[in-house]
Amino acid sequence: QVQLVESGGGLVQPGGSLRLSCAASRSILSIYAMGWYRQAPGKQRELVALIASGGTLNYADSVKGRFTISKDRDKNTLYLQMNSLKPEDTAVYYCRGWGQGDYWGQGTQVTVSS
């Protein structure tokens, strides 16, 4: 079993930045694909960014050039650097790791508002 714990969400003004973190209870970042998803009120959960076990990156078109996904294997932690935030980025952000298993974090709220 793997626990994923997100942190770093909060309230930020449009144009601002936040960095989300996802700490894994076991060393899975080298063998699992890892990703960030988000779910806004009344909308389906959507993929924001993913990093394959080998390091290949993929981003949703809506965040390309603004968000950066990265991982620190030594710290068993996944990150999402979010810059130039927009009100439409407001959502609960979830961390996911999948490979031999499929694990989700509990989510962290990001609110972009003036």
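## Contacts along the chain

In this predicted model, residues 24 or more positions apart supply 54% of the chain's contacts that have a separation of 6 or more.

## Strands and overall form

The chain has eleven strands and zero helices. Read from the N terminus, the order of elements is β-β-β-β-β-β-β-β-β-β-β.

The C-alpha trace spans about 40 × 25 × 25 Å along its principal axes. The radius of gyration is 13 Å, which agrees with the value near 13 Å for a compact globule of 114 residues.

## The nonpolar core

Buried residues make up 46% of the 114 residues. The largest nonpolar core has 30 residues. Within this core, Leu4, Met34, Trp36, Leu80, Met82 and Tyr93 touch the most other members. Several strands give two or more residues to the core, among them E4 (33-39), E5 (46-51), E8 (77-82) and E9 (91-98). Strand E3 gives the most, with four residues.

Take Tyr93 as an example. Leaving aside residues up to four places away in sequence, Tyr93 touches Leu20, Trp36, Val48, Phe67, Leu80, Met82 and Val110, among others. The list for Tyr93 also includes Glu6, Tyr37, Arg38, Gly107 and Thr108.

## Surface and charge

The chain exposes about 5900 Å². Carbon and sulfur atoms supply 45% of that area.

Charged side chains number 12 positive and 8 negative. The centres of these two sets lie 2 Å apart.

Methods: Residues are numbered from 1 along each chain as its sequence is written. This is a predicted model: local features need pLDDT of at least 70, side-chain atom pairs count only at pLDDT 80 or more; totals for chains, interfaces and linings use all residues. Side-chain values use heavy atoms; hydrogens and water are left out. The radius of gyration is taken over C-alpha atoms; the globule rule is 2.2 Å times the number of residues to the power 0.38. Buried means under 20% relative accessible area, exposed over 50%, partly exposed in between (1.4 Å probe, protein chains only). Contact means heavy atoms within 4.5 Å. Accessible areas come from the Shrake-Rupley method with a 1.4 Å probe; for residues, only the protein chains shown count as cover. Lys and Arg count as positive and Asp and Glu as negative; His and the chain ends are not counted. The place of a charge is taken as NZ of Lys, CZ of Arg, CG of Asp or CD of Glu. A nonpolar core is a set of buried Ala, Val, Leu, Ile, Met, Phe, Trp, Tyr and Cys residues joined through side-chain atoms within 4.5 Å.
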